[in-house]
Amino acid sequence: MPWFMKTNEKKDSVLQAVEHILDNYLEMNNHRKTPERYAILRAVYSMGEHFTLDELGQKLAEDDRFPVSRATLYNTLNLFMELRLVIRHRFQGTTKYEACYAGESHCHQICTVCGKVTEVRSPEITETIEQMHLKRFRKDGYTLYIYGICSNCQSALTRKTKKNRRQND
């Protein structure tokens with residue numbers, strides 16, 4: 001079987017699992033199963049990366065031709081966070097979201113100059129956290145933020161410094 005079919009099958013099974021979680025929650029709490037909630041859930045799990053509320057709204061408008069109000073997006077994402085289907089990050093003054101049902105715990109490199117966010121997998125950190133014994137607390141996962149300067153910004157800063165030195169000499 002080709003690799004892309006396995007990837008699509010995994011995405012389909014994750015989507016089925018998260019839709020099942022949402023179904024159960026809505027039924028148990030006597031909430032309506034609105035098409036908006038399911039469209040938002042599908043859009044979240046198709047984003048493939050961190051996204052803002054506006055980016056999610058644009059995706060819904062483009063893909064599903066399904067305009068959803070900002071309030072509906074916000075309230076629905078809050079519901080998904082409660083169900084632990086979405087996680088919210090605050091990256092240097094920007095709020096971004098990420099699907100987290102089947103995601104692995106990971107680190108984020110954040111450039112303090114340009115704000116670029118890159119995901120990093122670290123088996124050493126994962127192993128250390130798995131071996132931690134926390135008192136009266138069950139670990140479900142982690143997200144680690146590492147702040148610094150990306151290579152592009154560092155190069156630009158170095159060029160700027162060299163240019164300033166030449167001008168002052």
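A helix here is a DSSP run of H or I with at least four residues, numbered from the N terminus. With that settled, I opened the model, which is a predicted one.

**Entry 1, Leu 15.** I looked up where Leu 15 sits and found it in helix α1. Which residues does Leu 15 contact, leaving aside its neighbours within four places in sequence? I found Arg 42 and Tyr 45. I also checked Leu 15 against Tyr 101: they are 86 residues apart in sequence, yet 9.3 Å apart in space, C-alpha to C-alpha.

Next I turned to a helix pair. Helix α2 covers residues 35-47 and helix α4 covers residues 70-82; they pack at an angle of about 70°, and their axes are 10 Å apart. Angles of 65 to 115 degrees count as roughly perpendicular, so α2 is roughly perpendicular to α4. From α2, I noted Arg 37, Ile 40, Leu 41 and Val 44 in the contact, and from α4, Thr 72, Leu 73, Thr 76, Leu 77, Leu 79 and Phe 80. I sorted these contact residues into seven nonpolar, two polar and one charged.

Then I went to the largest nonpolar core, which has 27 residues. Touching the most other members are Leu 22, Ile 40, Val 44, Leu 56, Leu 60, Leu 77 and Phe 80. Helices α1 (3-28), α2, α3 (53-64) and α4 each supply at least two residues of this core. Which helix gives the most to this core? I found that α2 does, with eight residues.

Not counting residues up to four places away in sequence, Leu 77 touches Val 44, Phe 51, Leu 53, Leu 56, Val 86 and Tyr 97.

Conventions. Residues are numbered from 1 along each chain as its sequence is written. This is a predicted model: local features need pLDDT of at least 70, side-chain atom pairs count only at pLDDT 80 or more; totals for chains, interfaces and linings use all residues. Side-chain values use heavy atoms; hydrogens and water are left out. Axes are lines fitted to C-alpha atoms, for helices over the stretch in contact, and angles run from 0 to 180 degrees between N-to-C directions. Angles under 35 degrees count as roughly parallel, over 145 as roughly antiparallel, 65 to 115 as roughly perpendicular and the rest as oblique. Contact means heavy atoms within 4.5 Å. Ala, Val, Leu, Ile, Met, Phe, Trp, Tyr, Cys and Pro count as nonpolar, Asp, Glu, Lys and Arg as charged, and the others, Gly among them, as polar. A nonpolar core is a set of buried Ala, Val, Leu, Ile, Met, Phe, Trp, Tyr and Cys residues joined through side-chain atoms within 4.5 Å. Buried means under 20% relative accessible area, exposed over 50%, partly exposed in between (1.4 Å probe, protein chains only).
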